[in-house]
Amino acid sequence: MDTRVANDAIKTGRLSEVMASLMERLAPEAAYFGPSDGGRSCTLVFDMQDSSALPAIAEPLFQEFGAKIEIQPVMNREDLEKGLAALG
């Protein structure tokens, strides 16, 4: 998150509000918060069933905090087995 923008959001309570809303909507399996590249960072592990959910996830963070976001798709064991079976 942009440090200056996030500082202001902390002072007004907006950071807590937006993060609480995001956590409620995503129900992440895991959530980690800490510094990264000299700024505030969070890593959320969640199940995104449909990529059309991406704007609802990313836009509040872009618009409210000037955040830089990476979405990295991964598979669980069952997904991997299904994908490998489709190769044959």
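How many salt bridges does a search of the whole structure find? I got 3. I note here that the model is predicted.

**Entry: Arg14 and its partners**

I started with Arg14. Arg14 forms a salt bridge with Glu17, and the closest N and O atoms are 2.9 Å apart. Both residues sit in helix α2, which covers residues 14-26. Their spacing is 3 residues, about one turn of the helix.

I then looked up the pairing of Glu64 with Arg14. The closest N and O atoms of this salt bridge are 2.8 Å apart. Taken together, Arg14, Glu17 and Glu64 are linked in a network of salt bridges.

Are these residues buried or exposed? I checked each one against the cut-offs: under 20% is buried, over 50% is exposed, and anything in between is partly exposed. Arg14 has 33% relative accessibility, so I logged Arg14 as partly exposed. Glu17 comes out at 45%, so Glu17 is partly exposed. Glu64 has a relative accessible area of 28%, so Glu64 is partly exposed too.

**Entry: the pair in α4**

Next I went to helix α4, residues 77-87. The side chains of Arg77 and Glu81 meet there in a salt bridge, at 3.1 Å from N to O. Why are they separated by about one helical turn? Because Arg77 and Glu81 are 4 residues apart in this helix. I looked up exposure for both partners. Arg77 has a relative accessible area of 62% and is therefore exposed. Glu81 has 45% and is therefore partly exposed.

**Entry: nonpolar surface**

Which residues form a nonpolar patch on the surface? I found Met75, Leu80, Leu84 and Leu87. Together they have about 440 Å² of accessible area. I placed Leu84 in helix α4.

**Entry: the largest pocket**

I then turned to pockets. The largest pocket has a volume of about 1300 Å³. I listed its lining and got 31 residues. Nearest the centre lie Leu44, Phe46, Glu70, Ile71 and Gln72. The elements that give two or more residues to this lining are α2, β2 (39-45) and α3. Strand β2 gives the largest share, 7 residues.

**Entry: positive phi**

Last, I looked at the backbone. Most residues other than glycine have a negative phi. I flagged Ala27, whose phi is near 45°, a positive value in a residue other than glycine. Ala27 is in the loop between α2 and β1 (30-36). Ala27 has 56% relative accessibility and so counts as exposed.

I flagged Asp37 as well, with a phi near 50°, again a positive value in a residue other than glycine. Where is the place of Asp37? I found Asp37 in the loop between β1 and β2. At 84% relative accessibility, Asp37 counts as exposed.

Methods. Residues are numbered from 1 along each chain as its sequence is written. This is a predicted model: local features need pLDDT of at least 70, side-chain atom pairs count only at pLDDT 80 or more; totals for chains, interfaces and linings use all residues. Side-chain values use heavy atoms; hydrogens and water are left out. A salt bridge is a side-chain nitrogen of Lys or Arg within 4 Å of a carboxyl oxygen of Asp or Glu. Buried means under 20% relative accessible area, exposed over 50%, partly exposed in between (1.4 Å probe, protein chains only). Patches are made of residues with over 30% relative accessible area and no salt bridge: like charges are joined within 9 Å, nonpolar side chains (Val, Leu, Ile, Met, Phe, Trp, Tyr) within 5 Å. Accessible areas come from the Shrake-Rupley method with a 1.4 Å probe; for residues, only the protein chains shown count as cover. On a 1 Å grid over the protein atoms alone, a cavity is a set of points where a 1.4 Å probe fits but cannot get out, and a pocket is an open set with protein on both sides within 12 Å along at least five of seven lines; lining residues have an atom within 4 Å of a point. Grid points are joined across faces, edges and corners, and a volume is the space filled by probe spheres set on the points.
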